[in-house]
Amino acid sequence: MARHLLHRLWQSALTLVLASVIVFIGVRALPGDPALAMAGEEADPATVAAVRAELGLDESLVSQYFKFAGNALSGDFGESVRTRTPVSEMLGATLPVTIQLAIYAMLIAMLLGLAAGVAAAVYRGRWPEWTANGFSLFALSVPTFWLGILAVLYLSVQLGWFPASGYVSPFEHPVRGVYYLTLPALILGLTHAAVVQRQTRSSMVETLTADFVRTARAKGLGRGTVIFRIGLRNSLIVVTTIVGLQLGGLIAGAVVTERIFSLPGIGKLTLDSVFTRDYPVIQAVVLVITAAYIVINLLVDFLYTVIDPRMRVSGRAS
């Protein structure tokens with residue numbers, strides 16, 4: 001088991017290094033010159049050259065990368081070209097908002113998806129399955145931005161059930177914070193709930209028709225025990241994988257939802273940085289999101305051993 005985790009840690013570190021190289025090169029492939037954007041279109045060549053020297057853009061790409069990687073390891077991502085604010089401070093102000101939104105949306109997705117998936121698997125060929133499948137088809141087909149706009153128009157503006165925009169930290173005002181995040185989290189979580197529902201249903205149908213489940217029923221185990229303690233638990237390996245990948249996607253893909261509901265998250269920061277060609281911020285954001293994916297995948301691997309003890313044996317044997 002320990003050897004398996006060490007192997008995964010080594011793979012994750014290598015992935016992060018390769019991702020940092022790709023991010024570094026990709027950002028510099030964007031059209032435009034950040035030094036010119038910072039100095040102004042009317043600036044003379046000497047001023048632009050001075051700005052490039054200040055930003056270190058006049059050095060070789062190799063030198064720029066190693067400087068960037070070394071500073072990033074210590075948590076120093078430099079300063080924003082646009083605002084001259086330390087990028088670490090900007091991430092500290094925006095990343096918690098996106099993480100709160102992503103976790104809340106994932107909780108909604110898991111509750112809706114697991115409930116609908118179990119109902120669809122247990123009541124195959126009956127109205128609960130048709131309802132659950134209809135819900136997943138609707139959630140996967142409707143664009144998030146369109147659903148978000150409709151939610152703001154009807155649930156916020158006309159009915160007044162939720163605030164149309166704004167953010168309140170749940171750590172300062174728990175009730176108001178959750179209230180302000182509920183509608184964007186619901187909109188963001190619906191599509192992911194549909195994915196969880198489909199995977200849960202497919203996995204549970206396969207599990208509930210397995211021989212060991214028939215044996216459990218023949219021994220007289222109750223219906224609830226067979227469905228939840230045997231069927232659902234054995235289906236959670238696939239569901240855990242999907243939830244882990246979806247959570248990483250939520251952190252990276254909350255850009256549109258944050259825009260619609262005016263949330264000061266990392267999505268808004270990313271868009272603003274791309275439009276202004278703010279190299280340090282773009283690099284830091286993509287690198288942090290990549291690191292989040294890697295950490296979530298490591299946690300999913302660990303959860304495998306908790307859900308299925310057989311994997312501890314195979315991991316130890318390897």
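What you're looking at is a predicted model. The protein has 14 helices and zero strands, and 41% of its 318 residues count as buried. Take the contacts between residues at least 6 apart in sequence, and 74% of them join residues at least 24 apart.

- An unreviewed UniProt entry carries the annotation "transmembrane region" for residues 12-30, 101-123, 135-157, 177-196, 236-261 and 281-307.
- In the model, residues 101-123 come out as 96% helix and 0% strand, with 33 Å between the C-alpha atoms at the two ends.
- Residues 135-157 are 91% helix and 0% strand, and their end C-alpha atoms sit 25 Å apart.

**Where H5 meets H12**

- Helix H5 covers residues 87-122 and helix H12 covers residues 266-275; their axes are 7 Å apart and the packing angle is about 130 degrees.
- That angle falls between the roughly perpendicular range, 65 to 115 degrees, and the roughly antiparallel one, over 145, so H5 and H12 count as oblique to each other.
- On the H5 side, the contact uses Met90, Leu91, Thr94, Leu95 and Thr98; on the H12 side, it uses Ile266, Gly267 and Leu269.
- Sort the residues of this H5–H12 contact by type and you get five nonpolar, three polar and no charged.

**Nonpolar cores**

- The largest nonpolar core has 31 residues. Leu101, Ile187, Leu188, Leu250, Phe261 and Leu263 have the most contacts inside it.
- Two or more residues of this core come from each of H5, H7 (144-158), H8 (174-208), H10 (223-252) and H13 (279-307). H8 gives the most, with nine residues.
- Zoom in on Leu250: leaving aside neighbours within four places in sequence, Leu250 is in contact with Ala102, Ala105, Met106, Leu188 and His192.
- A second, separate core has 16 residues, including Phe24, Met90, Ile266 and Ile289. Met90 and Ile266 also turn up in the contact between H5 and H12.

**A loop residue to look at**

- Most residues other than glycine have a negative phi. Ser262 isn't a glycine, yet its phi is positive, at about 55 degrees.
- You'll find Ser262 in the loop between helix H11 (255-260) and H12.
- Is Ser262 buried, exposed or partly exposed? Its relative accessibility is 44%, and since buried means under 20% and exposed means over 50%, Ser262 counts as partly exposed.

Methods: Residues are numbered from 1 along each chain as its sequence is written. This is a predicted model: local features need pLDDT of at least 70, side-chain atom pairs count only at pLDDT 80 or more; totals for chains, interfaces and linings use all residues. Side-chain values use heavy atoms; hydrogens and water are left out. UniProt positions are given in the numbering used here, feature names are shortened, and annotations may be inferred rather than shown by experiment. Helices (H or I, at least four residues) and strands (E, at least two) are DSSP runs, numbered from the N terminus. Axes are lines fitted to C-alpha atoms, for helices over the stretch in contact, and angles run from 0 to 180 degrees between N-to-C directions. Angles under 35 degrees count as roughly parallel, over 145 as roughly antiparallel, 65 to 115 as roughly perpendicular and the rest as oblique. Contact means heavy atoms within 4.5 Å. Ala, Val, Leu, Ile, Met, Phe, Trp, Tyr, Cys and Pro count as nonpolar, Asp, Glu, Lys and Arg as charged, and the others, Gly among them, as polar. A nonpolar core is a set of buried Ala, Val, Leu, Ile, Met, Phe, Trp, Tyr and Cys residues joined through side-chain atoms within 4.5 Å. Buried means under 20% relative accessible area, exposed over 50%, partly exposed in between (1.4 Å probe, protein chains only).
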